[in-house]
Amino acid sequence: MKSRWKLNIDIAKECVLNKDAWIECDENCDGREECENRNIQKSGYKKVTVKTTNGKGNGLFADEDIKAGEYIIERKYSMKYTGMNLWIDAIQDGNRSRFINHLCNLNCVVQQWCINGMPHMCFFALKDISSGTELTFKYNWTLDAKDDADFKSKATVCNCGSKKEKHYMENMALIRRKK
Ligand SMILES: [Zn+2]
Ligand SMILES: [Zn+2]
């Protein structure tokens, strides 16, 4: 996930400008009551349920049909934003989004939206998801490595089952040698 989080985010009057920057509008935008860029604030979580998967422990499953692009659930997490003195704490009851498994064949994406000046990690459907389907996303971690062999010695083998060949959870980021 690429973070677009910045210090001192300005909420624009124009809904489109906010939307492009992954900032939800507040009540002062030009869209007023018709504003469609307050999706996360207005819509609740989709119905989801935690169930046992085939070999991956628990997973999160859709409990209703979800259309491509729809907001599903928010990730509550612990995270320190450097330079902001902001600490977002994981919700104590254990937010169910933590059961969303990594799978290379993903059906969800995570976007970090700014709502009322605060970062929110939100899951959206990448495609139509029918009720009963497991929700999955790709972590998209990067791992610094000198070369392919170095990468393979450090990377985590992915057992998601969506690819036959051996593959890894992380993406390789080549370290450039300093001159
Ligand atoms: Zn708006
Ligand atoms: Zn995989």
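Biologist: Among contacts in the protein between residues at least 6 apart in sequence, what percentage join residues at least 24 apart?

Modeller: Two residues are in contact if their C-beta atoms, placed from the backbone, lie within 7 Å. Of the contacts between residues at least 6 apart in sequence, 57% join residues at least 24 apart. This is a predicted model, in which local features need pLDDT of at least 70 and side-chain atom pairs count only at pLDDT 80 or more, while totals for chains, interfaces and linings use all residues. Residues are numbered from 1 along each chain as its sequence is written, and chains are lettered from A and ligands numbered from 1 in the order in which they are written.

Biologist: How many helices and strands does the protein have?

Modeller: Helices (H or I, at least four residues) and strands (E, at least two) are DSSP runs, numbered from the N terminus. Here they come to three helices and eleven strands.

Biologist: Which strands make up the open sheet, and in what order?

Modeller: Strands of a sheet pair through backbone hydrogen bonds, either parallel or antiparallel. Two strands count as paired if DSSP finds at least two bridges between them. In this case three strands form an open sheet in the order β3-β8-β7, with antiparallel pairing. Because β3 (71-75) and β7 (108-115) stand at the edges with a single partner strand each, one side of each is left without a neighbour in the sheet. From one strand to the next, the twist averages 35 degrees, where axes are lines fitted to C-alpha atoms (for helices over the stretch in contact) and angles run from 0 to 180 degrees between N-to-C directions. Four bridges join β3 to β8 (residues 118-125) in the antiparallel sense, and E74 stands opposite C122 in β8.

Biologist: Where does the model show parallel strands?

Modeller: β10 (residues 142-145) and β11 (residues 171-174) run parallel and are joined by four bridges. L143 has M172 in β11 as its bridge partner. Between β10 and β11 the chain passes through helix α3 (residues 148-154), and this β-α-β crossover is right-handed. That term applies if, with the strands pointing away from the viewer, the path from the first strand over the helix to the second runs clockwise.

Biologist: Which residues touch the most other members of the largest nonpolar core?

Modeller: A nonpolar core is a set of buried Ala, Val, Leu, Ile, Met, Phe, Trp, Tyr and Cys residues joined through C-beta atoms within 7 Å. A residue is buried if 20 or more other C-beta atoms lie within 10 Å of its own, exposed if 12 or fewer, and partly exposed in between, with C-beta atoms placed from the backbone. By this count, 17% of the 179 residues are buried. The largest core has 19 residues, of which I72, I100, C108, F123 and L135 touch the most other members. β2 (58-62), β3, β7 and β8 each give two or more residues to this core. Residues up to four places away in sequence aside, F123 touches, among others, I72, I100, C108 and F137.

Biologist: Which residues other than glycine have a positive phi?

Modeller: Most residues other than glycine have a negative phi. W22 has a phi near 55 degrees, and N116 one of about 50 degrees. W22 lies in the loop between α1 (15-20) and α2 (39-42); it has 19 C-beta neighbours inside 10 Å and therefore counts as partly exposed. N116 is in the loop between β7 and β8, and its 10 neighbours make it exposed.

Biologist: Is S130 buried or exposed?

Modeller: S130, in the loop between β8 and β9 (136-137), counts as exposed because it has 9 C-beta neighbours inside 10 Å. The C-alpha atoms of S130 and I66 are separated by 6.2 Å, although these residues are 64 apart along the chain.
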